[in-house]
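This briefing is written to be read beside the sequence and the model. It groups its points by topic.

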Amino acid sequence: MNAYGEVAVESVRLCTKRGLDPRNAWHAAAKLRFPDSPSSQTKGCPRGAFVGLCAAGLVRDVAPETEAGQLGKNARYACAAIKILIAAKPTIRSATELWREVGQGKRHNHQMDVVLALWSRGLIHGS
């Protein structure tokens, strides 16, 4: 699991054990994982994927946002990836392969690492 996957898993723990909302949980977990790298702590793509999955109600034991509004593009990518994983569970093996299935031509920016870390730990509904 890569570093942003670790942040996502720790963020779920902070949401469920400490009652933090997803944004604050991500901020706290990223600070722990990247104590000397403010740019890594604030990287938007993986954070957007995590917060979006939570807002959409896809993360186990994390309440969805009642007023989530429109999800950002990273959240939409992550939600699309979950649908793909539910349909093709054992066949997706890497973040790059999942990103290709989501249908994006450019390189993923750690959104799929977040998805796969949560999926592999059984933290996504349907995993």
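The model is predicted, so local features need pLDDT of at least 70 and side-chain atom pairs count only at pLDDT 80 or more, while totals for chains, interfaces and linings use all residues. Residues are numbered from 1 along each chain as its sequence is written, and side-chain values use heavy atoms, with hydrogens and water left out.

**Helix H1**

- Helices here are DSSP runs (H or I, at least four residues), numbered from the N terminus.
- H1 covers residues 3-18. The helix has 16 residues and spans 21 Å from its first C-alpha to its last, close to the expected 22 Å; the expected span is 1.5 Å times one less than the number of residues.
- At the start of H1, a side-chain oxygen of Asn-2 comes to within 2.9 Å of the backbone nitrogen of Tyr-4.
- Buried residues (under 20% relative accessible area; exposed is over 50%, partly exposed in between; 1.4 Å probe, protein chains only) in H1 include Tyr-4, Val-7, Val-12 and Leu-14.
- The buried residues of H1 pack against H2, helix H3 (38-41), H4 and H7.

**Helix H2**

- H2 covers residues 22-33. Its 12 residues reach 16 Å from first C-alpha to last, close to the 16 Å expected.
- Asp-21 caps the N-terminal end of H2, with a side-chain oxygen 3.1 Å from the backbone nitrogen of Arg-23.
- Pro-22, Ala-25, Trp-26, Ala-29 and Ala-30 are the buried residues of H2. They lie on the same side of H2 because they cover an arc of only 125° around the axis, the arc being that of the directions from the helix axis to the C-beta atoms.
- These buried residues of H2 pack against H1, H3, H4 and H7.

**Nonpolar core**

- A nonpolar core is a set of buried Ala, Val, Leu, Ile, Met, Phe, Trp, Tyr and Cys residues joined through side-chain atoms within 4.5 Å.
- The largest such core has 40 residues, and those with the most contacts inside it are Phe-50, Leu-53, Leu-98, Met-112, Val-115 and Leu-118.
- Two or more residues of this core come from each of H1, H2, helix H4 (44-55), helix H5 (73-88), helix H6 (95-102) and helix H7 (111-120).
- Apart from its neighbours within four places in sequence, Leu-98 is in contact with Ala-81, Ile-84, Leu-85, Ile-92, Met-112, Val-115 and Leu-116; contact means heavy atoms within 4.5 Å.

**Salt bridges**

- There are two salt bridges, each a side-chain nitrogen of Lys or Arg within 4 Å of a carboxyl oxygen of Asp or Glu.
- Glu-6 and Arg-33 form one of them, at 2.7 Å from N to O. This pair links distant parts of the chain, with Glu-6 in H1 and Arg-33 in H2, 27 residues apart.
- Glu-6 counts as partly exposed because its relative accessibility is 34%, and Arg-33 is also partly exposed, at 36%.
- Glu-10 and Arg-13 form a salt bridge at 2.7 Å, N to O. Both residues lie in H1, three residues apart, about one turn of the helix.
- Glu-10 is partly exposed at 21% relative accessibility, and Arg-13 is partly exposed at 34%.

**Lys-83**

- Lys-83 lies in helix H5 and counts as exposed because its relative accessible area is 64%.
- The C-alpha atoms of Lys-83 and Gly-126 are 9.4 Å apart, and the two residues are separated by 43 residues along the chain.

Notes. Polar contact = N/O pair within 3.5 Å; in protein donor to acceptor, adjacent residues only side chain to side chain.
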